[in-house]
Amino acid sequence: MKIISTRRSQVLAGRIADLLQKPLVDVRWTRFPDGEIYLRTDEISNQMVIVGSLVESDDLIELLLLTDVCNGSEITLVLPYMGYARQDKQFNPGEPLSARIIARTLGSGVNRVITINLHEKTIIPYFGIPTTDLSLAGDMAAAIQNFSCKSPLILGPDIGAANLAYDIAATGGWESDHLHKVRLSGIEVRIEPKEIPVKGRDVVIVDDIISTGGTQATAAAMLLEQGAASICTVCVHGVLASGAYTHLKSVGINQIISSDTIESACSGYSAARIIANALNR
């Protein structure tokens, strides 16, 4: 087995290779004058693991080129973050079901797929091959244990994140809840935990993705007004688009931690261990 990666996921791929004690294949990347991507790799093996998150369109091209380089090998595609997964429905005539075509495209030419906290698990059948979606709930709990807070309240920002919050809290032995909107008038809405008051509590907001950070920022501001002692946020995939990090810090969130499914300065814990374990099975 050898590990190979796109430029997006070099560090994560290196960590997986170290844990598995398998070679990491060197890849040289460049562009032609017209912008087309070119790559050349060292020798591959008959069993290959391709590691690459899909955040931007070029990431998709890199994954497809690596799949072709590994043609003839038994290929496992590790897709730590899958962009387009949230485009899983057609709301208007003429819209593509983008998650479907991306999954079908990536599933072609590989033997199995491993994803991490896929935003919409309903798209798994679109890959058309054996696909395993792993959860980083345990690793998120371990990251939270390093925070300087006592008995944190784990909050999902909405009902969709309630199960993730519960799983993290169960691992750490904490309480969990999720936020919901309480309409105070025709124009005024209050966001608060469904059951557990936050006054005097250290709160950790958890979610699978932080994109623009708007949901977390709005929730944090209101939770601080309700007397929360401190607020941190932990996510799996830190997209952090449009100045999200600055926005979150500006409303009073103390720490913003993501995994290395999207590598950045906020990557405070790694998906490498759980991926390596899945590859060993």
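Among contacts between residues at least 6 apart in sequence, 62% join residues at least 24 apart in this chain. Keep in mind as you look around that this is a predicted model. The chain holds eight helices and 14 strands. Its radius of gyration is 20 Å, close to the 19 Å that the globule rule gives for 281 residues, so the chain is as compact as a globular protein of that length.

**Overall build**

- Along the principal axes, the C-alpha trace spans about 60 × 45 × 35 Å.
- Buried residues account for 49% of the 281 residues in the chain.
- The chain exposes about 13,300 Å², and carbon and sulfur atoms supply 48% of that area.

**The largest pocket**

- If you like to start with pockets, the largest one holds about 540 Å³ of space.
- It is lined by 24 residues, and those closest to its centre are His119, Gly160, Ala161, Asp207 and Asp208.
- Strand β11 provides the largest share of the lining, with four residues.
- Sorted by class, the lining of the largest pocket has 11 polar, eight charged and five nonpolar residues.

**The second largest pocket**

- About 160 Å³ of space lies in the second largest pocket.
- Its lining is made of 17 residues, and Tyr81, Met82, Gly83, Tyr84 and Arg86 are the closest to its centre.
- By class, the lining of the second largest pocket has 11 nonpolar residues, five polar and one charged.

- Helix α8 covers residues 272–280, and its buried residues are Ala272, Ile274, Ile275, Ala276, Ala278 and Leu279.
- An α-helix has 3.6 residues a turn, so residues three or four places apart point the same way.
- That is a handy thought when you look at the buried residues of α8, among them Ile275 and Leu279.

**Two residues with positive phi**

- Tyr84 is not a glycine, yet it has a positive phi of about 75°.
- You will find Tyr84 in the loop between β5 and α3 (98–107).
- With 34% relative accessibility, Tyr84 counts as partly exposed, and it is also one of the residues closest to the centre of the second largest pocket.
- Ser242 is likewise not a glycine and has a positive phi of about 55°.
- The loop between β12 (230–238) and α7 (244–250) is where Ser242 lies.
- Ser242 has a relative accessible area of 73%, so it is exposed.

**Thr233, a buried strand residue**

- Thr233 belongs to strand β12.
- Its relative accessibility is 1%, so Thr233 counts as buried, the cut-off being under 20% relative accessible area.
- Leaving aside neighbours within four places in sequence, Thr233 is in contact with Ile205, Ile210, Ile253, Ile256 and Ile257, and also with Gln216 and Gln255.

Notes:
Residues are numbered from 1 along each chain as its sequence is written. This is a predicted model: local features need pLDDT of at least 70, side-chain atom pairs count only at pLDDT 80 or more; totals for chains, interfaces and linings use all residues. Side-chain values use heavy atoms; hydrogens and water are left out. On a 1 Å grid over the protein atoms alone, a cavity is a set of points where a 1.4 Å probe fits but cannot get out, and a pocket is an open set with protein on both sides within 12 Å along at least five of seven lines; lining residues have an atom within 4 Å of a point. Grid points are joined across faces, edges and corners, and a volume is the space filled by probe spheres set on the points. Ala, Val, Leu, Ile, Met, Phe, Trp, Tyr, Cys and Pro count as nonpolar, Asp, Glu, Lys and Arg as charged, and the others, Gly among them, as polar. The radius of gyration is taken over C-alpha atoms; the globule rule is 2.2 Å times the number of residues to the power 0.38. Buried means under 20% relative accessible area, exposed over 50%, partly exposed in between (1.4 Å probe, protein chains only). Contact means heavy atoms within 4.5 Å. Accessible areas come from the Shrake-Rupley method with a 1.4 Å probe; for residues, only the protein chains shown count as cover.
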